[in-house]
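User: I have a model open and want to learn how to read it. Can you take me through a few features, one at a time?

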Amino acid sequence: MPLPKKVLISEVSPRDGWQNHPLIIPTETKIKYIKKMVDCGAKKMEITSFVNPKYVPQMSDAKEVFQGVKDYLYENNVIPFALTLNKKGVENARNAGFRHVEFVLSASEEHNLRNSRRTIQESLEAFKELALEAKDLHIMLAMPCIFGSPFGDNVSLDRIKWLIDEAVSVGVAEFGVADTAGISTPEHTRAVLSAIKSYADINKVSLHMHDTYGMGIANCYVALEEGITMMDASLAGMGGCPFVPGAKGNIATEDLIYMLHKMNIETGYNLDKLNQTAFEMTKEIQATIVSCQGAICKH
């Protein structure tokens, strides 16, 4: 299959990138850097998550952050998403003004219990009910641990198909598939994506790869070969999951953009601006750039 000519990169640093950061980032700082990410070329972004601040305190200002960036996002034709885990989260996102939400349902039973304190079946029932009720929202089913569980429980291809089929049955057409622990290899990534595209529209599937073992970019290349045209990435490679010990951040936006541009794949991003913004952001919030671009570029 020929490689795509254009890829839509969703910038997830404001949610996945910042959620694990040990220092609370001021709301005004978040607003400033979300706008800078837009200036770098982002057209789709994970802005925040509506979750229990007891477990993810960094996201306690979700509504305030969105109010501070909403007009700028829409002026620049950016699609903003909010992450949710349950009905309350969806309602809070809607009340804050979001029209695009991600509902998280892990393909790993153990991870789903730790992440949302529900079984997969319980989360699925809640998701289907929401999807039928919330016709005013664009809902994406985000599925962590599609490529394997860090807790040792089996994630079968049959389970993945079951979850996607159930979502389609209530009108959901967009899916996010994630390697939350960063444990997949290119061969395994190909096998999973090949199976998914046999029963789902691959153009409606976005890839979310963590880079715990340095396989993220290689997995993304395989995904391009399998027809994926939507990918998540995090500025400066920040991130991790609070409920997966040792998980590293998403692939760095600037590394992914470098690879795509070198292969003449259009993204709409400005790589120089990305590198500069990554440098400024990590310096201000006392974080570390974990990207190859950050290691070699002069600022």
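Analyst: Start with exposure. Buried means under 20% relative accessible area, exposed means over 50%, and partly exposed is in between, with a 1.4 Å probe and protein chains only. This is a predicted model: local features need pLDDT of at least 70, side-chain atom pairs count only at pLDDT 80 or more, and totals for chains, interfaces and linings use all residues. Residues are numbered from 1 along each chain as its sequence is written, and side-chain values use heavy atoms, with hydrogens and water left out.

User: Is R117 buried, exposed or partly exposed?

Analyst: R117 has 43% relative accessibility, so it counts as partly exposed. It lies in the loop between helix 5 (109-116) and helix 6. Helices are DSSP runs of H or I, at least four residues long; strands are runs of E, at least two long; both are numbered from the N terminus. Look at the backbone of R117 too. Its phi is positive, near 60 degrees, and the residue is not glycine.

User: Which phi value does C145 have?

Analyst: C145 also has a positive phi, near 60 degrees, in a residue other than glycine. C145 sits in the loop between strand 5 and helix 7. Its relative accessibility is 0%, so C145 counts as buried.

User: How do I read contacts? What does K5 touch?

Analyst: Contact means heavy atoms within 4.5 Å. Leave out residues up to four places away in sequence, and K5 touches N264, I265 and E266. K5 and E266 are 261 residues apart in sequence, yet their C-alpha atoms are 6.1 Å apart in space. K5 lies in the segment before strand 1 (8-11). At 74% relative accessibility, K5 counts as exposed.

User: Where is K87, and what does it contact?

Analyst: K87 is in helix 4 (residues 87-96). Its relative accessible area is 38%, so K87 is partly exposed. Setting aside neighbours within four places in sequence, K87 contacts E129, L130 and E133. Now try a distance. K87 and I228 are 141 residues apart along the chain, and 29 Å separates their C-alpha atoms.

User: Is I139 buried or exposed?

Analyst: I139 is buried, at 11% relative accessible area. It is found in strand 5 (residues 138-143). Beyond its neighbours within four places in sequence, I139 contacts V101, F103, F127, L130, A131, A134, V172 and E174.

User: What is a nonpolar core, and how many residues does the largest one have here?

Analyst: A nonpolar core is a set of buried Ala, Val, Leu, Ile, Met, Phe, Trp, Tyr and Cys residues joined through side-chain atoms within 4.5 Å. The largest one here has 89 residues. W18, L207 and M231 have the most contacts inside it. Take W18. Among the residues it touches, beyond four places in sequence, are I25, Y33, M59, M238 and I285.

User: How do I describe two packed helices?

Analyst: Two packed helices are described by the angle between their axes and the distance between the axes. Axes are lines fitted to C-alpha atoms, for helices over the stretch in contact, and angles run from 0 to 180 degrees between N-to-C directions. Take helix 6 (residues 120-133) and helix 7 (residues 157-169): they pack at about 20 degrees, with axes 10 Å apart. That makes helix 6 roughly parallel to helix 7. Angles under 35 degrees count as roughly parallel, over 145 as roughly antiparallel, 65 to 115 as roughly perpendicular and the rest as oblique.

User: Which residues of helix 6 and helix 7 meet?

Analyst: I120, Q121, L124, F127 and K128 in helix 6 meet R159, W162, L163, E166, A167 and S169 in helix 7. By class, this contact has six nonpolar, two polar and three charged residues. Ala, Val, Leu, Ile, Met, Phe, Trp, Tyr, Cys and Pro count as nonpolar, Asp, Glu, Lys and Arg as charged, and the others, Gly among them, as polar.

User: At what angle do helix 9 and helix 10 cross?

Analyst: The axes of helix 9 (residues 216-225) and helix 10 (residues 253-262) cross at roughly 45 degrees and come within 11 Å. The two helices are therefore oblique to each other. I217, C220, Y221 and L224 in helix 9 meet D255, L256, M259 and L260 in helix 10. This contact has seven nonpolar residues, no polar and one charged.

User: How many residues of helix 10 are buried?

Analyst: Seven of the 10 are buried, so helix 10 is largely enclosed by the rest of the structure. The buried ones are T253, E254, D255, L256, I257, M259 and L260. After helix 10 comes N264, with a positive phi near 60 degrees.
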